[in-house]
Amino acid sequence: MTEPRRFDHIVVVVHDLDRAAARYEAMGFTLTPRARHPDHMGTSNRLIQFADRTFIELLEIDRPESCAPHGPRFFSFGQHAQSFLTEGEGIAMMVYAGEDAPGDAGTFAAAGLGSFDPFDFGRKATLPDGREVEVGFSLAYALPPGLGRSGFFTCHNRFPENFWKPDFQVHANGATGMAEVCLAVDAPAETAVTVQVISGATAEQVEGGLVFPTGTGQRFLALTPATIAGMTGLTAPAAPGFAGVGITGMTGGIVAPTDACGLFLRPL
């Protein structure tokens, strides 16, 4: 890979998908209808799609009894979400766009970020006119040591023409994209090699941490909790863990984690 990856989405794990969706709708976001993942994942979601082709995934474990457990080379998306929720809602996974899940999985394994087989799945999606279409994805997971509950994966969207829906990308609050993802970590320099492998971006030093630019106007930030508190005016987040995101075009002030299901939303 010769260029940094672009952002794809974040996975926000919540206790109650209906309640979480209502919160985001009250903030002026448009959400896709509830979609159900295969039973072995045990999850359902609603999405906040943006015009820049990034999105926020609100995820609920609604069928825990059918969720497949982790295996020697199998990463269970559902079990990870269940474990994450024991310590509260929030961003469980940061996702970069991918085109070669087997190749990405091999790269991550060689870097000591987990030896997991690529994971393929599909589901039905409902278009704004009510029609159902097929969507499908190929994922490669990376679980860096020392980052607690935080995980990454790359996502190859196999049917983008069915997935992206312009009608759902218009938001009353003016939001147009997700341009920043922020990781709280006590020693940002220790994340440099790991995040460079996953993102393909070269670390640049900033006050209080590191920034990994995608080259398309997006930035992954690894910052100390105190730096994040100074940037947002909020209480310092727990570390290590994903703390929040920056949203381009969003009107209004910063939204605290207590109001956004465990993450802050920062207008850019």
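Let me start at one spot in the sheet, where phenylalanine 137 stands opposite asparagine 157 in S8. What we are looking at is a predicted model, in which local features need pLDDT of at least 70 and side-chain atom pairs count only at pLDDT 80 or more, while totals for chains, interfaces and linings use all residues. Residues are numbered from 1 along each chain as its sequence is written, and side-chain values use heavy atoms, with hydrogens and water left out.

S7 covers residues 132–142 and S8 covers residues 151–157, and the names follow DSSP runs numbered from the N terminus, with helices being H or I of at least four residues and strands E of at least two. These two strands pair in the antiparallel sense over six bridges, where pairing requires that DSSP finds at least two bridges between them. S7 also pairs with S6, again in the antiparallel sense, over eight bridges, and there lysine 124 stands opposite glutamate 134 in S7.

How enclosed is strand S7? Nine of its eleven residues are buried, so the strand is largely enclosed by the rest of the structure; buried here means under 20% relative accessible area, exposed means over 50%, and partly exposed lies in between, with a 1.4 Å probe and protein chains only.

S6 and S7 form a hairpin with five residues between them, and glycine 130 in the turn has a positive phi of about 95°. Aspartate 129 forms a salt bridge with arginine 131, their closest N and O atoms being 2.8 Å apart, and by salt bridge I mean a side-chain nitrogen of Lys or Arg within 4 Å of a carboxyl oxygen of Asp or Glu. Aspartate 129 is exposed at 52% relative accessibility, whereas arginine 131, at 49%, counts as partly exposed.

The structure holds 15 salt bridges, and one of them joins the side chains of arginine 73 and aspartate 117 at 2.9 Å, N to O. Arginine 73 lies in the loop between strand S4 (55–61) and helix H2 (77–85), and aspartate 117 in the loop between helix H3 (101–110) and strand S6 (119–126), so this pair ties together parts that are 44 residues apart in sequence. Arginine 73 is partly exposed at 43%, and aspartate 117 is partly exposed at 38%.

Finally, which residues are linked in a network of salt bridges? They are Asp18, Arg34, Arg36, Asp39, Glu60, Asp62 and Arg63. Aspartate 62 and arginine 63 meet at 3.1 Å, N to O; aspartate 62 is partly exposed at 27%, while arginine 63 is buried at 6%.
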